[in-house]
Amino acid sequence: MSKIVINGGKRLFGEVKIHGAKNSVLPLLAATVLCRGTSIIHNCPELSDVNASINILRHLGCECTLKNNTITVNSNAIQCSQIPDSLMLKMRSSVIFLGAILGRCGNAVISSPGGCELGPRPIDLHISALMRLGAQVSECHGLIKFNAPQGLHGAQIHLSFASVGATENIILAAATARGVTVIHNAAKEPEICDLAAFLNACGACVYGAGTDTVTIYGADGLKCCTHTVIPDRIAAASYMAAAAITGSEITLKNVAPAHLTAINSVFEEAGCKIKCNGKGLTIKAPQRLSRVSTVRTAIYPGFPTDAGPLVLAMLSKAYGTSVIVENIFENRFRYVDELKRLGAHIKVEGKVAIIEGVSTLSAAPCKCTDLRGGAALVVAALAAEGTTIISDIHHIKRGYESIVSRLSLLGADIKEV
Ligand code: UD1
């Protein structure tokens, strides 16, 4: 199993190109199931989660290629509507294929996704919404079967929580359903807008994406289109945190500053100067960061839960004590014990983490517990004295394309062994 080895303490400099958004490309690949013809998607990051999605598409009968960050998918010959356990388990987001398969085939079978590294991740909102759209659901031997013999139909759906995945699944299922679907309390994340833009370019009628009411007029069928994935705002936050903790100045290319406002304000409060112009986003960090007032994770446009671990890592070396409140996932702080091995002073009580900044972090062997927690270890190790060896890096590969070479080009002493 490969590991990341980092000799900390190097200043970063130069430019880094931010890859396409993981959380956009996965629902976009699911959406291609609904399309006739060949969909072309540019700016696709090469990630293990993207490979898992490609494997699901191929299993369903799609022709799929990935070359130079462009994925082509032809779904004309889909002949299967079941995602086997082995593919479901590769990636929690496989559930996002549900609405699209059901819309295309009139039935779908998946295995129960079960618990996960961030705590329980139920799919009750997905299931009850699909039932409102006309699906019959049954569960046995760990399989969940969805059937819509008469096809799906439009419905009014009130989400009790603005779930990103449930909003995407409903949009996908409703895109070719009979009649009009309205999602109330929909998620407003930029990735929802990207999905709607893709579907609309394929002939769907999705209105209001990016607001809390999304209306979908079911189309008879979808054609294909060429689409470019939006930049990954969490990858952007990760490189910003790497620059911030090492007192560096770097420029991020291929970013969408409008998606980073909540993130930028925390970095600015910590003492970083951020400039956005046509060329990208430049972050200049002070020698040592200062504490920030309580960071509370929230649905978009609030501070994203996925950026919490990165900011927590950077604040572990700031002047003063900061607090992060995690409001989205129940068990997001598992990586904190690993950060403590590097000398960070952090206390977790339920959904609150209290971070007492230390002047020095020191290298230690540590282990990724999850994707963003793993990236947080990389951020901390870049500023730690000595050589940190990070294991279980398959978590990091789920969401970061060539993180080692990108950081290395920025001047970090980092390698994969
Ligand atoms: C997506 C992102 C993930 C991000 C999260 C929150 C993708 C591929 N992943 O995950 O990176 O951290 O949004 O911004 O886009 N919930 C239920 N029942 C459901 C669905 C969700 O209780 O049926 C709960 C979850 O347990 C969690 C909360 O809602 O506590 C948020 O989940 P959701 O917004 O659905 O996140 P994901 O779509 O899984």
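**Entry 1: the two domains**

I started with the distance between the two domains: the C-alpha centres of domain 1 and domain 2 lie 30 Å apart. Domain 1 is made of 4–19 + 231–416, and domain 2 of 22–228; such bounds come from an automatic or database domain assignment. A note to myself on the source: this is a predicted model, where local features need pLDDT of at least 70 and side-chain atom pairs count only at pLDDT 80 or more, while totals for chains, interfaces and linings use all residues. Residues are numbered from 1 along each chain as its sequence is written, and side-chain values use heavy atoms, with hydrogens and water left out.

How many residues does each domain bring to the contact? I got 27 residues from domain 1 and 21 residues from domain 2, with contact meaning heavy atoms within 4.5 Å.

Next I looked up the area buried between domain 1 and domain 2, which is about 2000 Å², with carbon and sulfur atoms giving 51% of it. Buried area is the accessible area (1.4 Å probe) that two parts lose on being put together, summed over both. In domain 1, the residues losing the most area to domain 2 are Tyr-300, Arg-398 and Glu-401, together 30% of what that side buries.

I found 2 salt bridges between domain 1 and domain 2 (a side-chain nitrogen of Lys or Arg within 4 Å of a carboxyl oxygen of Asp or Glu). I also looked at Arg-233, which forms a salt bridge with Glu-191, their closest N and O atoms being 2.9 Å apart.

Across the interface of domain 1 and domain 2 I noted 8 residue pairs in polar contact, both residues at pLDDT 80 or more. A polar contact is a pair of N or O atoms within 3.5 Å; within protein, one must be able to donate a hydrogen and the other to accept it, and residues adjacent in sequence count only if both atoms are side-chain atoms.

On the side of domain 1 that touches domain 2, α12 (371–382) and α13 (394–397) each supply at least two residues. The largest share of that side, 3 residues, comes from α13.

**Entry 2: the whole chain**

I get 14 helices and 25 strands for the chain; these are DSSP runs numbered from the N terminus, helices being H or I with at least four residues and strands E with at least two. The C-alpha atoms fill a box of roughly 65 × 40 × 40 Å, taken along the principal axes.

The salt bridge count by this rule comes to 9. One I looked up joins the side chains of Lys-253 and Glu-15 (3.8 Å, N to O). That pair links distant parts of the chain, with Lys-253 in strand β14 (residues 249–253) and Glu-15 in strand β2 (residues 13–17), 238 residues apart.

Most residues other than glycine have a negative phi, and most peptide bonds are trans. Which peptide bond did I find to be cis? The bond from Tyr-300 to Pro-301 is cis, with omega near 10°, and Pro-301 is found in the loop between β17 (295–296) and α10 (308–315). His-141 has a positive phi, near 50°, and lies in the loop between β7 (136–140) and β8 (143–147).
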